[in-house]
Structure formats: structure tokens, C-alpha cells
Amino acid sequence: MIADALDTLMLMKASKHNDSELAEMYNRSQHWLETSLDFSSAGEVNTFETTIRVLGGLLSAHHLSKLSPQSSPYLRLAQDLGDRILPSFDTPTGIPLSDSNLHAKEGRGDMANSGAASTAEATTLQLEFKYLSYLTGDPKYWVAVTKAMRAVKNALPPKGPALVPIFISPRTGQFQLSDIRLGSRGDSYYEYLLKQYLQTNRTELVYRKMYDASMDSIHQHLLKRTPIHKLLYTAELQPIGYSEDWLLEGKWRVTPKQDHLVCFLGGSLLLGATEARESIPPNTKKLPRQHDARDWNSGIELIDTCVDTHRTETGLSPEIAMFYDTKYGDVKKTGREWYIKGGNSDFPHLDARYILRPETVESLFLAFRLTGDPIYRLYGWRIFQAIEKHCKVPSGGYSSIRNVDRAEGEKGWTDKMETFFLAETLKYLFLLFSDTSVVPLTDFVFNTEAHPLPVFTPSQTLLDSLTFD
């Protein structure tokens, strides 16, 4: 929790120089990290979650602290953690194993999925480990995560769509028969294609090419519209049966289902179209690449759809929204072209939850920074007010709620607060209302846990340590 939330605290502390309470919280957090955090005593953890939350948080804190590498406790801890995770990459293909035993320095596959790795998890470690190589001068971290990217790129059919199934084998390097989606286990693969390109100061063109190809495929295969108001949303593809060439020639069922997680995509498309280098707002007719205007417009529309999913009793968005693909009568009753499974039940489906997720406010932050349009601040303020009203616990902290379509008060709380609420949701809301000079998009990329990492130009040694373009 502390490592994940620390840079949010540091940014807020920096904006309020005389706030003694924030200063005390920071000093206590720093002291705990320096004196009590010991990864050698930890057991088995998820490789992906530990990297994005803890390693990413430590690396961000190191940069924001402005301490030298020699005196920084954050970098010392980050390198120790990176070394303990690194054995999970020791597979025949370089695809990392899903779990890492930090004490034993061993990796372990996901037994629940027959040892397969989540594609997004295997490809959402790169920003953190590359920056660690840059800071330490040791290319081993860079090599490990680049080898994983090379394996995924090689698994894509050369003439097929640039979309990835959500499972891949660390043993064979082949995709497993599984869904294609932009929600869980798929989302951040696409996010990190763009961000790897931006992080290393646009020196690795291969990731820009992979990102562009994937956005073309998303537009062709996954973007759909509702029948009445033409809301733009993303669908999922589910394989029907198995054949030898299932990924290239198999049949797929289209499901009009969109996770809240997918709401990162709108902001990502805006960032990809402009690379944060255009005027604010940009002249879409003068964007450099042929598809930039398409991506920009789609990004704006996807954000509008995500905001629409907050039209609930609580003003909060469900974990999963199902979209009507024909003109159902329920639209007239609710005014919504989407619905929540089990939303009207006394025992609601898990789809109806709001677990304090950040993806909509993440896109609102990016949209405001790149358009300057105050409407995105208004949307963000409404979401913040809804969180305060329905999720805040008087004794301290915030709780997820079980059903966004029922204002149940304490009865609806699930008594759980994810660390990403402090690391992401509150940080993006804070930055949405901060001056644009605070963590400028030209100088930083955010990892998928909202930890800002600086843009850097890698040495030729790092660039040459492992290539695949």
C-alpha cells in the first residue's frame, strides 16, 4: 500500500509546501520504507501486480525525490525487488511466469490456467524494468523484458490482425485458445506498446509500428456502435471451437461487453494521435500520420461512452457494461443503451460493482491535458463527488460498493479498498485539477498503475543489448 501510494503523496505534498500533515505522512512513509520494507522475507506474489504497483512506485518515488542513485533508498529497494522478480523470466521463450517467490528468487506458472501467462501481464513490465536498467546501467532488466516482447511479436500471425489472445505459453511462445479483448488480461498490452515508444524518447520505432497496427485492427474488428445513439464501444471476441489455424482462420463470437478497464483506451488514443506534441487542442487535419485523426475522434467518442456508463443511481460506473446491439425496449425505460447483469437484484452480479477503478478519470485527465476543454474537469468533479458520497467511510478510507444502481449506503459497501485507488484514481483526479506543468505529458509516461516515469534517451548499449525489429 505505502509503496503504491507514495508518489501520489509526494505530488500532493509538493503542491502544498506548508501542509504539515502531508509532510508528516511522507516522513513516516519514507521511514517505514527505509527501515522495515524487506523483500527477502516475502513469499509468493504476482509478477505483474508487484512490478506495476511496488517496483513502479519505488522508481517513481526515486525520480520525484531527486535523490542521487547512490543515496536513494527507493532505488536500492527497486533494484533488490527487480533482482528477485527477474528469475521469473527464465523460461524457454522469455515470457515471464505469472508468480514470483521473492524469498526463494523463483518463478512459478499460473496453475489455474495450466501454466499459461496472461498476455497483458507479460507485456506490462517493460516500462519499469527498462527504466531500472537506465538508472543502474545494467542491461539485464532491459534484455529480459525485451525478450518477452520479441516472443509476443513473433507469435502474431504475419498476415492476420494485430490483436492478441489473452493467454500465451511461456514454454512454447504460442498464444493459447482464448478470448481477444481490451479488458482484463488484454488491456495494458496495447497501452504499453505506445508508452514504450514514448518512454525511450521515440527511439524504438518498432513499438510505434506495433501500436499503429493494433489500433488499425481494433478499429476493424472490435469497435462497435449502439443502434440508437451510436455510442462507440469495444466488443470482445470469443473463439468458437479449435482448429490448427484458429488465430488466423478460426470463427469468433462477437460479445457486446465492455469492462471498466477498457476506459483507458480513449485517453490512450488521444495520446497516440498527438504524442503530447501538438497544439492544444490539436488541429486534427494537420496531425502527422494518416490514421491520427481517426484515432483522435475515436478516443473522444470512447471517453463519452465511458462517461455515459456513470449514468447510474450512484453516478459511478459498473465493473462491466453490456451494450444492446439491437433496439431493445429497455432503452426507453432507462435511457441507456447498455445494461448491468443482475443490476436489479438484491444479490447483484459482480458486474454491478464499483471497485474504485481509475480508468475513466485517467482518460479524463489525458483528455483535459490534450484538449484544454473544461468539460472533462466537470465530468471528473462529478465522479469525485459520487465517490465521496457513496464510497467514503467515516472512520477512514473508502470502500468499493456492490451495486452502482442502488444507493444503499453502508449496506452496499464491500469493505475493500484496492491500493490502486490511492495510486491511480486519486492521483489522476488530483492531476486533472492541477496546473499542466505538474507532471507534463511531454516529459513523463505513466505506467499502468499511474506511476509517472520520466522520458529518457537510452544509451546505444541498451538499445543494442537485444533487438528484434
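Trainee: What covers the buried residues of α2?

Mentor: In this predicted model, the cover includes α1 (2-15), α3 (47-65) and α4 (73-85).

Trainee: Which residues of α2 are called buried, and what makes them so?

Mentor: They are L22, Y26, S29, Q30 and L33. Buried means under 20% relative accessible area, so each of these residues falls below that cut-off.

Trainee: How do you know that they lie on the same side of α2?

Mentor: Their arc around the axis is only 95°, which puts them on the same side of α2. The general rule is that an α-helix has 3.6 residues a turn, so residues three or four places apart point the same way.

Trainee: Which exposed residues does the face turned away from the buried side carry?

Mentor: That face of α2 carries S20, E21, R28, H31 and T35. Exposed means over 50% relative accessible area.

Trainee: What is found at the start of α2?

Mentor: A side-chain oxygen of D19 comes within 3.1 Å of the backbone nitrogen of E21. The cut-off for a polar contact is 3.5 Å, so this pair qualifies.

Trainee: Why are β10 and β12 said to stand at the edges of their sheet?

Mentor: The open sheet has the order β10-β11-β12, with antiparallel pairing. β10 (257-259) and β12 (338-339) each have a single partner strand, so one side of each is left without a neighbour in the sheet.

Trainee: What makes β10 and β11 a pair?

Mentor: Two strands pair if there are at least two bridges between them, and β10 and β11 (residues 320-323) have three, so they count as paired. In β11, M322 is the bridge partner of K257.

Technical notes: Residues numbered from 1 in each chain as written. Predicted model: local features only at pLDDT ≥ 70, side-chain atom pairs only at ≥ 80, totals over all residues. Heavy atoms only, no water. Helix = DSSP H or I, 4+ residues; strand = E, 2+ residues; numbered from the N terminus. Buried < 20%, exposed > 50% of the residue type's maximum accessible area, 1.4 Å probe, protein only. Arc of directions from axis to C-beta. Contact = heavy atoms within 4.5 Å. Polar contact = N/O pair within 3.5 Å; in protein donor to acceptor, adjacent residues only side chain to side chain.
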